[in-house]
Each structure stands twice: as C-alpha cells, then as structure tokens.
Amino acid sequence: MDRIRTPLVARSGLVQQIITALTTDRGAVLVGQRGTGRTTLVEIVTRQLSTDRYAVTRTTATEAGRPIPFGPFCQLFPVTGDPVLVPGRIRAELVRRGRSRTPLLVVEDAHWMDDRSASTLLGLAHDSHIRLMVTTRADVATPDAVVALWKDRHLRRVDLPPLDPAETATLMQAMLGHAVASTTVQLVYQWTGGNPRLATELVRHGTATGRLVRDRGLWWWRGPLSVPPHLVELFLPEPNRLTPTHRDALAALAVSDDLPIELIDRVAPDAVEELEDLDLLRTTDTEDGVSVGFSHPLLQAIAWAQVSPARRRRAASALVEAAREVGGTAPDPVTVARWQVAVGGPVTAAVLTDAARRIRPHDPEQALRLARIAFGRDRSARATVVLADALAELGTGREAQSILHQATASDRSAAGRIVLSAALALHRCVTERDPASAHADLRALRAVASPDAPEVDVVDGADALVLLVGQRPAEAIRVADRLLRRLPGAGSAGGSAALRCRIARTVALALVGRTDEAAAAGAAVLADAGGGAGAPDTAGLAAAALSLIGLWRDGSASLPVTDPILGRWPRPPGTVPGTRLRAVDWPLLVGYARLLRSEYPAAIEPLREALAQQAVGFRPFRSEASAWLAVSLAAAGQPHDAQRVLDVYPPDRLAVLPGLRPWADGAVAAARGDTRSAGRRLEEAVAAAHTAGCWSVELQYLTWAARLPPADQQVGLADRVARCLRYVDARRLVTEARGELALLNRDRAGLLEHATGLAEMRLHRPAWRLAEAAIRVSSGRDQDYARAVALAGRLRGALGLPAPNLESPTLTARENEVAALAATGLPNREIATRLVVSARTVESHLARVYRKLGIGSRRELRADWFSRAAEGGSGSPATPDTYLV
C-alpha cells in the first residue's frame, strides 16, 4: 500500500551515537546483520548533519567489484597511475570537494572492499581532517584493514542489534497508523527475528495480500505465513547451487517441522551438512538425538513456495516410509497428518482427528480441513465432535450444531448417541450462551443412560464444565467428585472426561474459597494433562486455573501463555503444536493481573485485545474480558468508553465469575461520581456471588464496595466481610479486605499491618494506598507514624512515584468527598442530594477546598484533583481509585 512508509523506530539512540562519533571523533563503523537498517541509518545521519559544516561523499563496495583495485573509489573519480600515489590523490580529492567544510566519506558494505581500498580507508582514518562513516556486515568475512578501523580504535564501532518485541510493535504501529495486537507483534517478531527490513517487508506484504487486517481497533495477522517473492533471494542461493538432493531435503522439512536427522538422511542422504554450510538448515542436539530444522523461520514458507507440489508429495511419501523403517519415537500426530495429506493417498482418520484436535485452538482453518477429511472416511462420534469443534472455533456454531444433530439422529449405537448429545449440549452452552439449558439437557441425557456405561463419564465431564461456566461451583464440585470416585485416574479409559472434571473442580474450589486445596488439585491436573498439550480443554485450562488461583492467593502467579496466532485459548509453556512458534503471554490474564494490582491504564490494552479474541469462535471468556475491560476503563477515568464496551459486548449468562455485569456497571457509575448508584450495583454483584456460593468473588466485591462513599452505604459491611473470611483462605484477598476495613475504621495499626502484608507479596500499589492512609490517620509523629512514612516511601520508589508535596494543606474527609464529586462535573445540588447535606453546606466545603488548594474554579479543581490523585500527593485522594472502583 502506498500509504505505508518505513519509519525509523527504536534507532534514535543509535543515530545520536553515530552523530557524536562524527562530530567529536573521527567517525563510526556501523556493524549489523543484513536488513538491520545500515543504509537507513546512513541516510538519516547524513540528513541531520549540517551541509555548511560537512561535505558528504558516498560510495558502495560490491562483491562483483572486489577484484578491481580501488573499486569503490573508481565510482567517485578516475583512479589511475602509480598505485602507491593513489591514496594521496584520493585524500586530496576529498579535501578539494569539501573546500572549507570537513570531508565526510561514507563507505557502505565495506566487507566487500579489495585490499588496496581497505588499506586506503585505514590510512584516511589516521587523518584528523577527514571523517568516516563505514558500514559492514557482522556475518561476512571482512578485510583486516577494515576490522582495524574499530579494533585499533580509529573509529567508534556501533553495533546494530535486531529489534526487540517492543521495538517491533513501535515499527508496526508507525507503519500501520494504529495499535497492533500483541500476539500479531509476536508473530512478526518471531518470523523475522527482529530484523527491521524483514519486518517492514512482511508488514507491507501482509497489507497488500489482506493477511494484515484491522478488526475491533487492532491490527491482526490472519491466515498462514506468506513471504513476498523478492525476499526469496535474501535466503536461497542461486538455483544452480541446489542439487536435487538438496531440494528433497528442503521439501521434507517444508511439509514437516523439525525432524530427526535419521529421517532426513533417508529422504536426502548427506544433504544436511551441505545445506547447513549454505546456512539453510541448522542442527540441534536433543535428548532423543539430533534434530534438523530451517535456519530461519521464514525459510519454511519460502521452501514450500519454491518446491514443486510433485516433489513435496514424493518427500512426504518417503517420510511416511522412513518413519516406519527407522522406528523409535514417532513424529507427533500433526506432522504425520501433514505427510498423509501431502501424499494424497490413504489417510488414517484417527491421526487426522487427533491432529485437528491439537491445532484447532490456533489454526481452526487447517483443523477444519483435516477434520473434514477424517469425517469423510470415518463417521465416528469422535470425528464428528472434532469437526463440530473446528466449525464452532471459526464462528459457525449453528452449522456445528446441525452436524451434531444429524449425527445423533443417524448414529445406531447408544454410546455414540450419548457422546454426540453431550457434545451438542456443550455447543448449545457456548453458542447460545445458555448454560442452564445445557445443564438440563445433560441431566436428561444421564437419566436415560446406563449408570455403569463408560459414555456417562463424558456426560459428567461436560456437565461439570457447564455448571462451572453457569456460576454453580458447588454443583460442579459434586458432579466432578461423583465421576472421579468412579474413575480416579486421568490416564484410564475416560481420561479426557476425568481431566475436564478435575479442571472444573479446581476452579470451583477456588471460587468457593478453598484456594489452598484448589492449588494442589490444579498442580496435579497440570502434571497429568501434559500428554494433552494442544487440546484447549486440558493442559492449557489447567495452567490458566493455576494462574487465577495464584493471583488470588499471593499475586505472584506465573501467568499462562497462548499461541501468537489467535491467542484465544491458554496453553502450557512451550511451542505451539505443528509450528516452531513460541507461546506468548495470554492477554486475558495479563490484563486481569494488572487490574487486581490497581494498574488500570496498563490493564486496558491487553484486555481490549483479549475481548477481541473472545468475540469470535467459542468465546468462552467473553464475559470476563468485557467486564474486566469496562472496570479498567472506568477506573482509569474513561467511563464513556467503558459504557460502550458494556453496550456492545455485554457480559451474559456464560461466565465463570458471577456478578460481572453489576460490578462493571458499578465501576462506571462510580467513575461518573454517582456513588449511590455504584453502591447499589455493587450490592447486586455481592448478592449474585453470594447466591452462587462464590465466597472468594463475594469478598472481592465487598472489598471494592468498601471504597465507596458515603459512609452510610457501608452499614453492616464489616459483618459481611467477616462472614466471607470464614470461608476464604486466599491470603491476598483476605489481606486486602481487612485493609479496607481498617481504612473504614481509621485503624492505624491495622492499616500498617495489612500494608506490610501486601508489600511482602510485592503488591506495591494496594500496599502503598494503605500505607498512605496510615500516615493520614496518625495523630502524631510516633513510632507507627515513622514506620508508615518509611513504608510509603519505599513503595513510592518501587512504583516510580514522585515524593509527596508535604507543604500542601490536607483536606478533611468531607472535603475530600465534596471535591471528588465536584471534580467529576456534578452540580452542587446533586452533590448535596448524594451526601445528604444542604447545597449551602456543599458551597461552604468547596470554598474551603478552593482556598486550601489555591484554585478558583471547577475546571481548575478537576485538573488539579486528578493530577494530584495520579501522583498521590497529599491534599488529594490517596489514589485515583479512592472514588473509582
């Protein structure tokens, strides 16, 4: 696209280094891999130098011109005569061109210089009247004289590193003009290794081919990796350097991923070493032997496009045969399925079904292709369910239900009908967002099935998940326990159903407050689910459950990861099945962790991305993503944006956490200054959690409710918190709740104790909030006051906050309330109604606020109030969330 230009990002520091070397020293040598922006930096630097001070002469060395003596200088002016005198004439010509200015000689690709040119360049580096800017590649043999430029410290060496993920994001956003999804940034970063040129070309190619699309305010990469044709020459040597055996080896890896060297040698004998010398392949020692793969992530897509379909089929056929002959560890089902599809011959339906199940979370289109082939050869219940799952992941839930309906009606076995009906109930749950009806269907199904039939396990496994996402954790625990008593081991016949039950039971235990027991159960599930890597409802969900429990217990949980392609499902750590891509942080729980730490602005972007991911396909966590994003936006002072999120993506009946919608509505109301409405909505959230028996969630809602003025809304709060504390063992949730009670009661000792406890868990912002409150309620400069000041100071340093303005006058509690409401834009009469005082009293309080803060209008009050709140200075709320849930 014409509008996309290549910006210079993440290189401003390098530009300054080079300019400093030119202006204060004799120059610089720019060293970097191919594509790291050497030429771009030269252009930027030369444009920034004053033309009145520097006369720039520029030349380039080439591989073809290397045999020519003084080749790079021949491009500038005739070089004839005695070779011994040529360097002197070159210097004189540079000085003549400069006239009264300082000559600056730019030599690009100096690694291709002939020896005489390199010696001349080294001689010029000794001349204090001439400046040099030289570029060379780090991966190519360079003449000794060029190396001596920096080795002997004549010029300053400036290394050009690849971009890191943050710099890659900056580059892509600058090119595309809008924010880019973090998972797409990771895709491009992993594909290009942070090479600026490759990243730039891939972005241009992605927009031109429609693979980079803007959806829900973010740019996403959709579809398989595709490489622009002109990049092929950067990676592949001349065609005549690749033998037929080389091409067989490349074809074998193109239809696979990394392969054991034994298999490659069967397909293409002795090719690995030669291709490794050509920098096309790399070998890695593993526990199972030597693994062979492409040396660069883009090479697989390039090889796939360059190798003919006939050669790919022949290579895949040879790999199938070689795998049988070699024996040992069998390739994973995804690789075997790709071979069978490439061969085009008889296909094993079981292998295709397993492969489709594994890749469905990150590549539903490929999963659907494999599932359709498997379904065409095997109309079993398992193949039908995998096909329906792939359809649902692509957003065609109605078609998935139709296929399951037809299969159920036509299946002649009772066991098959039960399995299909259970799958249909799950699909109805997620497609129609109706867990209650799905639970009723599963109960009816279990009633007609034989109690001892193995397929009943599948029904109970599905029912446990349905009850969990229907906010009925106690019932989910009972169903799971019933199955697990009957089927204690995950590795037995009903392994998948048992794992589902154990995951549902783990999360349900955390919801009802038994987080210690849940943590132990989750660790066991994750260990047993290792063999199910790639299945979205096993190891990945177990990892996510453990992370959620860890966030509630002490805030130090290891967050789950996801694939960088779609990012909808959590995954265990490692690579993505069927690809060489590394898993990346899962945006949903990244944002939730920041929300719990009161880092509201930082939570917005990952939660916005998570909501976009959860808005299509199965959408299992859409309600959580929507509510958490709305709360973060509201608490960050963006209630209108928060309301738009709730209007477009309202939290619904399908959710693990109860009370999400009233909680989010309460946050929006609080952000608008309507604290009474916020209190009422939070009461509804508390009631929803209480009805569901989710003591952990109820305690969190009560903790947030404790921050809302006026005080008359907190009647009975301490008793309700105390009741929850009898059931919840999560240290973090308990400490935060007790800290809020101490704040309500102005309990200095309690505030200091709980601030210290939160600080020990490295929850700096909530701890700092309580420490600041302990300072405010202290009556004098006693030992507790000194401890609170010291703790608040340490936490300020950890958070990077400025020191408070100790000379600023302190507002009273009532003045804080009036100022906070007035800063939101409410008129005096509305403030009086909410605080149950007269309008004249409000005017009096505001007059004192204006006098203490040295301001004269509501506009100044709003600007002063929220800037002080953000900095945490005295004379303003302790934190921005004092009045914003």
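Helices (H or I, at least four residues) and strands (E, at least two) are DSSP runs, numbered from the N terminus. The model on screen is predicted, so local features need pLDDT of at least 70 and side-chain atom pairs count only at pLDDT 80 or more, while totals for chains, interfaces and linings use all residues. Residues are numbered from 1 along each chain as its sequence is written, and side-chain values use heavy atoms, with hydrogens and water left out.

**Stop 1: helix α9**

Select residues 196-209, which make up helix α9. Show the side chains of R204 and E201, which form a salt bridge with N to O at 3.7 Å; the term means a side-chain nitrogen of Lys or Arg within 4 Å of a carboxyl oxygen of Asp or Glu. How far apart are R204 and E201 in the helix? They are three residues apart, about one helical turn. E201 is buried at 15% relative accessibility, whereas R204 is partly exposed at 28%. Here buried means under 20% relative accessible area, exposed over 50% and partly exposed in between (1.4 Å probe, protein chains only).

**Stop 2: the hairpin**

Move to β6 (residues 212-215) and β7 (residues 218-221), an antiparallel pair with four bridges. Strands count as paired if DSSP finds at least two bridges between them. V213 has W220 in β7 as its bridge partner. Two residues lie between the strands, and R216 takes a positive phi near 55°.

**Stop 3: the open sheet**

Next, select the five parallel strands, in the order β2-β3-β4-β1-β5. At the edges are β2 (54-60) and β5 (156-160), each pairing on one side only.

Within the sheet, β3 (residues 102-108) and β4 (residues 131-137) pair in the parallel sense over four bridges. L105 stands opposite L132 in β4.

**Stop 4: helix α21**

Select residues 414-431. Among the buried residues of α21 are I418, L424 and H427. Just after the helix, R433 takes a positive phi of about 55°.

**Stop 5: a salt-bridge network**

Finish with R446, D457, D460, R482 and R486, linked in a network of salt bridges. Between D457 and R486 the closest N and O atoms are 2.8 Å apart. D457 lies in α23 and R486 in α24 (residues 473-486), so the pair ties together parts 29 residues apart in sequence. D457 is buried at 8% relative accessibility.
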